[in-house]
Amino acid sequence: MAAGVDPASVWDIPAQAHAAEALRGAVARGEVGHAWAFVGPAGVGQEAAARGLAAALNCPAPRAPGEPCGRCSVCDRCRRGAFAAYTEFTPTGATHRVDDVRGTWLVTASRSTTEGSWKILRVVDADRMNEAAANAFLKGLEEPPERTVWILDVADPDELPDTILSRCRSLMFAAWAPADLDAQGLRLGLDDPADRALAVRVAAGSPAALARLADPGEVGAKGSVARSSGLAYLRAHRDIPARLRAEKGFALSAARAIDDEVKARTALVKDEGRAELADLAQSYGDELPRGIAKQIEERNARREREARTLVVQAALDDLLSWYRDCLLVGAGGDPADALHADAVDALRADARALGAAGILRAVDLVLATRAELERNLQVGLALEALLLELSTLTMAPLRAGSR
Amino acid sequence: MKFRAERSEFADAAMWALRTVGARATLPALSGVKLEVSGDRLSLSSTDLEIASELSVAVQADRDGMALVPGRLLGDVVRSLPNAAVSAEVDGDRLHLVCGRAQFALRLMPVEDFPALPQISEQAAIAVMKAEEFARTVAQVARASSTDDARPVLTGVSLEASAGSLTAAATDSYRLAVRTVPWDAGAETTALVPRRALDEARRSAEQLGAEVRIAIEPSQVTFTFGDRRLTSRLIEGKYPDYRQLIPVGFERRLAVDRAELMEVVRRVSVVGESNTTATPVTLHVTSDTVRVTAGSGEVGQAEESLPGTLEGEPIEIGFNPRYLSDGLDVAVSERVVLEFRDELKPAVLRPAPADDQDDSAKEQVADFLYLLMPVRL
Ligand SMILES: [Zn+2]
């Protein structure tokens, strides 16, 4: 969004009106404090809120107290995260490390600002500090420099020591409401109302999940891996129970299909990472400084790992929501309440074929595999085992006691 | 933007500006050098957010404007310029440089992402020092600062200006270096300057000579050398009250040849060098001799003696050899004095004025002090 063309308020953050108002009010009253915990699922608006706060505290010509102009260079750079006094710390590996806390975070916090009067230091995934990092950070939090605001993105408050949380003002970030997701779906090009409605229901409040579902896919021209659209993958996942019943040996081909999906999606992340590296390398004149190259490569590796896990989890979640809908429909509930309300006939067929006991068993199996994956088991093997078991389940008509 | 410049002047300016080019993944603009033509001057600037460089040179300006070019590429280009006038012009998304038969095109970076560089405000406390004097002061003091980021304030050098004098001090809590120099600004002010920034300013002072103009403000310090300027952010936080560490008076006072003691300490401490933690050196001081020993039975032992004059009772006192050598290294006079209370209290090392020096030279050596904590033996 270019400033000047679009003078929308920085506080115009989809689905986070409450948090935005709390921040705006804090700036207006001059009660910003030293630290905030943005508590809520990742990626629902924390970035825009933190950057909005940076703009509100540093804009040289605010429209009103707490309301930055939204069109000056400071506002523009804050919104893009490119303002000198605004810094984001993302974990380079799986966790934030103590060396980063001491060598980067606290050093940045200790320096005066030369452009802008307030430093905004945002820790992305702050609940991923390991113990040593948390201890080192606590020291910095105990002696906060003036005009310095820490923002901690916290998805799971239990993962952070109370000593840190108790020094932060907590602000809740809510999952997105269906109306917000619907508007975002339109912006992302989900023009078909039925498709959009399905994506909104499945996204379950997460704009990131919605973005994945809205991915139009890629044909796979030379050099790139073909990728189906997000919704096509979703439909493939929910077709699995029926096809396990109808096609012999489908368990293995379904596992392979998910594996292909993992590859296609991680290839996308890989390409993005590579493009970013190439872009940066150009800025630096062919070759990146080693520290930065390493930092970005580590971060890209983490993103690929996360993408891989995310794809498998999404596939399992699609299966889960499908089975749950089967239960609902099979028990005579209103099909309009189903997540997969656009496929009621297929739900009915699966519900009939599996019976309530079969469906419950399937749900248990999927949940167990999902839990296993969080403990980092071999993804491919776990999936294969699950699908094979699900197929034996549907092959055993005796279990379908409700028929 | 379009200008014509003299090659060596342009290259020299670019190389100087390149010293503070930054490297931050989230803010690629820091990797650029900003060129700006206004009137008949070209200014070049860069910043890594901690230190900013700015300088301007006279050019034949055809069109005002600004451009941000990748620092590394600019460096490569400048190093390979043939000996001819340089003409530069922004065209579309490139900066075209022509120098003799050589032509270069540098891709432009978004100049609006380059941070606004700080200016010196009218309220700044400004004073002028001889560049040589400034460089020596930094060299004497900065080395005592800490390299451990866990306590950011100790990684800086404290500057304290009061009527007539400027005191620079640094400590890593094992040793403390303090130097006071005359200062012609009246205002009382303090600044905690990152060591790296001061070292950068020292290098510029050594390279450029003449005078340095120092401007201290609440959130920055600026060193100006003619048309060149280095600005540093400050470290925020309370600097420890180091003055209370400095003992008042002493019970023993050793006068010794500085270079000789340094050499002896260096040779003797070789014994402990293979150890990860420095093996202390012990000074056994008697009325006319300093015997320096190091090591124990296991790692090997070394000892060597040199003449020295002690006032007071004999003493045995241990030091980290590196900290002792650092202090001797920066004391700059022919002879030094070491003042002790006892073997557990901090020792104070000062340059000793030679008898034949004039008063101003005596004053110069008298205003430096290096305090070091003994190692318990
Ligand atoms: Zn603004």
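Before I give any distances, a definition: the domain bounds I will be using come from an automatic or database domain assignment. Please also keep in mind throughout that what we have here is a predicted model.

Let me start with chain A, which is divided into domain 1, residues 17-174, and domain 2, residues 215-399. The centres of domain 1 of chain A and domain 2 of chain A, taken over C-alpha atoms, are separated by 34 Å, and the contact between them draws on five residues from domain 1 of chain A and four residues from domain 2 of chain A. If we sort the side of domain 1 of chain A that touches domain 2 of chain A by class, we find two nonpolar residues, three polar residues and no charged residues.

For one pairing in detail, strand E1 of chain A, residues 35-39, is joined to E5(A) in the parallel sense over four bridges, and here Trp36(A) is found opposite Arg169(A) in E5(A).

Next, a helix pair in chain A. Helix H4, residues 98-110 of chain A, and helix H5, residues 131-142 of chain A, pack at an angle of about 20°, and their axes are 8 Å apart. How are these two helices oriented relative to each other, given that angles under 35 degrees count as roughly parallel? H4(A) and H5(A) are therefore roughly parallel to each other, and their crossing is right-handed. On the side of H4(A), the contact is made by Val98(A), Val101(A), Arg102(A), Trp105(A), Leu106(A) and Ala109(A), while H5(A) contributes Ala132(A), Ala133(A), Ala136(A), Phe137(A) and Gly140(A). By class, this contact of H4(A) with H5(A) comes to nine nonpolar residues, one polar and one charged.

Moving on to chain B, we have domain 1, residues 2-113, domain 2, residues 125-244, and domain 3, residues 247-372. The C-alpha centres of domain 1 of chain B and domain 2 of chain B lie 29 Å apart, and their contact takes nine residues from domain 1 of chain B and 11 residues from domain 2 of chain B. On the side of domain 1 of chain B that touches domain 2 of chain B, the largest share, six residues, comes from strand E4, residues 51-58 of chain B. That side of domain 1 of chain B, where it touches domain 2 of chain B, has four nonpolar, two polar and three charged residues.

Helix H3, residues 131-141 of chain B, packs with helix H4, residues 195-208 of chain B, at an angle of about 145°, the axes being 9 Å apart, and H3(B) passes H4(B) in a left-handed crossing. Among the residues that make the contact are Phe134(B) and Val138(B) of H3(B), together with Leu198(B), Arg202(B) and Glu206(B) of H4(B). Sorted by class, the residues of the contact of H3(B) with H4(B) are nine nonpolar, no polar and three charged.

There is a sheet to describe in chain B as well, an open one of four strands in the order E21-E20-E19-E23, with antiparallel pairing. Strand E21, residues 300-307, and strand E23, residues 315-319, of chain B stand at the edges with a single partner strand each, so one side of each is left without a neighbour in the sheet. Strand E19 of chain B, residues 281-285, is joined to E23(B) by five bridges and runs antiparallel to E23(B), with His284(B) opposite Glu316(B) in E23(B). Helix H5, residues 258-269 of chain B, lies across E19, E20 and E21 of chain B, running at about 170° to E21(B).

Finally, the interface between the chains. Here 31 residues of chain B are in contact with 28 residues of chain A. On the side of chain B that touches chain A, helix H2, residues 71-79, and strand E17, residues 228-233, of chain B each supply at least two residues, and H2(B) gives the most, with three residues. By class, the side of chain B that touches chain A has 16 nonpolar, six polar and nine charged residues.

Terms used. Residues numbered from 1 in each chain as written. Chains lettered and ligands numbered in written order. Predicted model: local features only at pLDDT ≥ 70, side-chain atom pairs only at ≥ 80, totals over all residues. Contact = placed C-beta atoms within 7 Å. Nonpolar A, V, L, I, M, F, W, Y, C, P; charged D, E, K, R; others polar. Axes fitted to C-alpha atoms, helices over the stretch in contact; angles between N-to-C directions. Parallel < 35°, antiparallel > 145°, perpendicular 65-115°, else oblique. Left-handed = near helix turned anticlockwise from the far one by under 90°. Pairing = 2+ DSSP bridges.
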